[in-house]
Amino acid sequence: MTSPFDRIRPAAVTPRQVTDLALAFGLAVPGSDATVTCVASDNRVVADGDLFVALPGTRAHGARFAADAVARGATAVLTDAEGAALLAGPAGDAGDESRAGDESRAAPGTGLGVPVLVAPDPRSILGRVAAWVVGNPADRLMTFGVTGTNGKTTTTYQLAHLLRALGWKGGLVGTVETRSGDRVLPSRLTTPEAADLQAVLAAMLEDEVRTLAMEVSSHALAQHRADGIVFGVAGFTNLSQDHLDFHGDLESYFATKKQLFTPAHARRGVVTADDPWGVRLAQESEVPVATLSTTGTATTTDAADWVVTDVAPSGTGSAFTVTHRDGRTLRTSTSLPGAYNVANAALALVMVLEGGADVRDVAEALDASGGLAATVPGRMEVVATSPRVVVDFAHNTEALALALDALRPTTAGRLAVVFGATGDRDPGKRPLMGAAAVAGADVVYVTDDDPHDEDPAAVRAAVLDGARAELVLGDRDVTLHEVAPREEAIRAAVRDAAPADTVLVAGRGHETIQEIAGVDHALDDRVEARAALAARGDAVMVPAQVTGKQHERTTA
Ligand SMILES: CC(=O)N[C@H]1[C@@H](OP(=O)(O)OP(=O)(O)OC[C@H]2O[C@@H](n3ccc(=O)[nH]c3=O)[C@H](O)[C@@H]2O)O[C@H](CO)[C@@H](O)[C@@H]1O[C@H](C)C(=O)N[C@@H](C)C(=O)N[C@H](CCC(=O)O)C(=O)O
Ligand SMILES: Nc1ncnc2c1ncn2[C@@H]1O[C@H](COP(=O)(O)OP(=O)(O)OP(=O)(O)O)[C@@H](O)[C@H]1O
């Protein structure tokens, strides 16, 4: 059983002098012979020899936890003026602003018993500091970073699959899990905090990992979490409205994503130019980029460096051809359904080719490994083939519509969907999701997602409003059910499905915790679906994937 504060860290790192660290980053030298071997920005993960970086936050200042960090073995602290003032106050937490004073000087004696470095904005140097302490591990890895609104996780798994097929031991960092060779840890964030990230990269070198496939979220770019890595190849999937609570507007969201395509973050890039944001990113990128067109849109296809053509059904997914304007070409397939999964697979493929891999080697590796055949936890994850039951992370209107579209061509019988909307977030999307479900499925089960602090019945009612409106407008024969709790809805959908039907359980993907009124409940759609399938007695199931986040079924 893992705890949220477990982390993958290097076993042996050469100690670095705190004095050298101060000199390297232009900070006041503390007059101490202390050394550090790794960095932590949360006291709960501190181990012996760590530099504890005390950051200001929205809920607390990290300096409040410095004493505990030292008790756990931290040998130095880096903080800002506010943190230094907190440390200099009575009992180490007085917060006397007047003592923060000159930011370029080391903090006065704090009673912590370890040197305290002070920087004006420690978050902005944390990535580079953490990298420096553990020996800049990213410089010794072949690194691929993926950003975009949708498709980061899937593309990253396809990258990892292809790199492994090429014979390179790989590491992976993203929403679902972090992998260093055989070590796997469930993720809390899509892109970890800089200190945790650099610790993982250093561990990867110890595990003889050669390549890194990593998701880079917009939050991470805004908060400098990926500083200290210059990706060999950065990739862009797409951009649509999301996270505006954090970024303010779409333009700022785009500007943040664009930072990945600057020399501080990447040497070169591959940009999927299927949407106008991709076209613009290719024009405004500060590093050389190759463009990729996957949808055959005339405006982008003519101008793109790489083009996807000849998409055809293949098994559960699609076969497709990728061709460069210089004539290099390769035909392969992805086992994941839907046009957007061709885009994700093609991006992964082109990133590896732009990273310098030979097209013949890649073709050979793909032939030997069944194409871009990564299975991605909770992304179009097939739990059973008869009836077909698929668990997907689609949790907004666009993704839900695309997921249903993707499954329709390979569904011989009826297509059912089980989904809900999240409480406390974006109420505007609830009726839209209801309408998208009725427009795309034949049987719709409206249920709960994460209600958070809202009344789940009220959230379902808003979804049902949109679903009923679409029922009236549309001319298809759709059956609409409201079933709660979610486990019961999954049970009903699986029980009522005919062998040729498909049941899409959408919205929670790999997640294993459902939050209701501040209480976490164990809930894994895959585990619930398996139990319901077993109860039927006639289902053809697919063996469970082992992922770090799965748990035993605890609900009735
Ligand atoms: C907006 C945002 O990103 N906030 C992150 C930020 O929180 P914060 O500034 O409020 O920090 P805080 O809780 O006040 O704590 C301040 C400092 O004290 C430390 N601390 C705090 C408590 C304690 O007991 N001990 C301790 O040392 C914290 O580690 C932190 O360094 O720093 C925290 C510590 O690392 C993060 O957990 C937190 O992520 C929150 C939970 C979050 O939900 N982030 C999401 C929005 C996010 O980053 N998402 C993207 C993916 C988006 C996508 O879907 O594409 C991601 O990369 O995951
Ligand atoms: N290229 C794409 N375009 C549009 N939708 C996509 C694309 N790839 C995946 N999706 C949809 O988005 C959902 C999330 O996919 P994935 O986890 O790969 O993206 P992500 O960028 O990592 O998202 P998140 O940050 O929310 O984890 C999938 O379950 C699927 O429904």
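How far apart do the C-alpha centres of domain 1 and domain 2 lie? They lie 35 Å apart, in a predicted model for which local features need pLDDT of at least 70 and side-chain atom pairs count only at pLDDT 80 or more, while totals for chains, interfaces and linings use all residues. Residues are numbered from 1 along each chain as its sequence is written, and chains are lettered from A and ligands numbered from 1 in the order in which they are written.

**Domains**
- The chain is divided into domain 1 (16–132), domain 2 (137–369) and domain 3 (381–541), with bounds that come from an automatic or database domain assignment.
- The contact between domain 1 and domain 2 takes 12 residues from each of them, two residues being in contact if their C-beta atoms, placed from the backbone, lie within 7 Å.
- On the side of domain 1 that touches domain 2, β3 (38–40) and α4 (122–133) each supply at least two residues, and α4 gives the most, with seven; helices (H or I, at least four residues) and strands (E, at least two) are DSSP runs, numbered from the N terminus.

**Sheet**
- An open sheet of mixed pairing is formed by 11 strands in the order β10-β9-β8-β11-β7-β12-β13-β14-β15-β16-β17, where two strands pair if DSSP finds at least two bridges between them.
- The edge strands, each pairing on one side only, are β10 (183–186) and β17 (329–334).
- Strand β16 (residues 317–324) pairs with β17 in the antiparallel sense over six bridges, and F320 has T332 in β17 as its bridge partner.

**Ligand 2**
- Among the 21 residues around ligand 2, those that come nearest are G151, K152, T153, T154 and A394, a residue being near a molecule if its C-beta atom, placed from the backbone, lies within 6 Å of it.
- Two or more residues of this shell come from each of α5 (152–165), α12 (339–354) and α14 (397–407).
- Because domain 2 and domain 3 both give residues to the shell, ligand 2 lies between them.

**L197**
- L197 is found in helix α6 (residues 194–206) and is buried, with 28 other C-beta atoms within 10 Å; the term buried asks for 20 or more such atoms within 10 Å of the residue's own C-beta atom, all placed from the backbone.
- Leaving aside neighbours within four places in sequence, L197 is in contact with V173, P192 and R225.

Key. A residue is buried if 20 or more other C-beta atoms lie within 10 Å of its own, exposed if 12 or fewer, and partly exposed in between; C-beta atoms are placed from the backbone.
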